[in-house]
Amino acid sequence: MADGGPEARGGIGDSLVDALPYIDKEYDDPGLKDAALQLIDEETKRYRPTKNYIDYLPVPRESFESPLLKIEMDRLASRQPMETLSMKRYELPQPSAAQKNDVGAWQDSVSNSCAQLEHQNERIVNLELLSQYGSNEWRLHNELMSRMVDRETKELRSLKNQVQEVNWQRKTEQTNVGTQLEELNNHWMTLVYRNFEIERECLKVQRENEFLKRKAEERQGQQQQDDES
């Protein structure tokens with residue numbers, strides 16, 4: 001894969017990111033894929049998450065909690081069931097048998113009945129308003145929702161087009177430089193091969209020189225022996 005340059009360096013240990021997915025052919029190599037999967041399997045075998053694997057994280061701030069929310073969070077922490085909805089406010093109980101002669105109890109009962117009656121009157125008024133204006137309000141609401149959906153759909157389509165344009169641009173740029181990178185890679189391999197050939201010839205010449213040097217030393221030694229004799 002081609003070198004991504006200094007700007008491609010980053011991450012842990014300044015690792016080099018040099019992937020060119022539109023022109024790199026190594027991804028189609030089954031052996032490379034198997035090697036990558038093997039590395040993933042080895043890492044997953046070494047990683048043994050515990051139940052409290054996030055203990056090292058700081059405790060979240062509780063400033064956002066209201067008293068009611070704190071009570072609810074405590075209930076969830078203690079695994080207590082949620083209280084059912086109370087319907088007592090809608091009941092109209094009369095005083096008990098022991099309170100039949102209690103004027104205060106009857107006054108409370110009458111007051112509760114008046115409150116319930118007023119509540120029902122408000123419900124009737126709300127139903128009348130809904131009957132008169134509800135259909136038009138719902139139509140306006142639906143039109144507003146429809147315009148919002150259209151706007152978000154157009155924005156989503158625009159973002160998808162931008163992403164597609166970026167991908168096409170990346171593919172075009174990588175494809176255009178792919179041939180040049182291939183030529184440079186072949187040229188580099190040729191130079192490496194030539195350097196290897198030159199180094200091999202140099203070693204061959206060096207061995208020949210050493211051989212000739214030894215022969216010359218042997219002849220010189222033999223000649224000295226002949227002269228002495």
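Buried means under 20% relative accessible area, exposed means over 50%, and partly exposed is anything in between, with a 1.4 Å probe and protein chains only. Asp74, for one, is partly exposed, with a relative accessible area of 42%. What you're looking at is a predicted model, where local features need pLDDT of at least 70, side-chain atom pairs count only at pLDDT 80 or more, and totals for chains, interfaces and linings use all residues. Residues are numbered from 1 along each chain as its sequence is written, and side-chain values use heavy atoms, with hydrogens and water left out.

- A search of the whole structure turns up five salt bridges, a salt bridge being a side-chain nitrogen of Lys or Arg within 4 Å of a carboxyl oxygen of Asp or Glu.
- One of them joins Lys70 to Asp74, with the closest N and O atoms 3.5 Å apart.
- Lys70 and Asp74 are about one helical turn apart, because they sit four residues from each other in helix α2; helices here are DSSP runs (H or I, at least four residues), as strands are (E, at least two), numbered from the N terminus.
- Lys70 is partly exposed, at a relative accessible area of 41%.
- Glu72 and Arg75 also pair up through their side chains, at 2.3 Å from N to O.
- Being three residues apart in helix α2, Glu72 and Arg75 are again separated by about one helical turn.
- Glu72 counts as partly exposed at 27% relative accessibility, whereas Arg75 counts as buried at 16%.

- Helix α3 covers residues 103–228 and holds both Arg200 and Glu197, three residues apart, or about one turn of the helix.
- Arg200 and Glu197 form a salt bridge, with their closest N and O atoms 2.5 Å apart.
- Arg200 is partly exposed, with a relative accessible area of 44%, but Glu197 is buried, at 18%.

- Tyr47, Tyr53, Ile54, Tyr56 and Leu57 make a nonpolar surface patch of about 610 Å².
- Patches are made of residues with over 30% relative accessible area and no salt bridge; like charges are joined within 9 Å, and nonpolar side chains (Val, Leu, Ile, Met, Phe, Trp, Tyr) within 5 Å.
- Accessible areas come from the Shrake-Rupley method with a 1.4 Å probe, and for residues only the protein chains shown count as cover.
- You'll find Tyr47 in the loop between α1 (30–46) and α2 (67–77).
- Tyr47 is exposed, with a relative accessible area of 51%.
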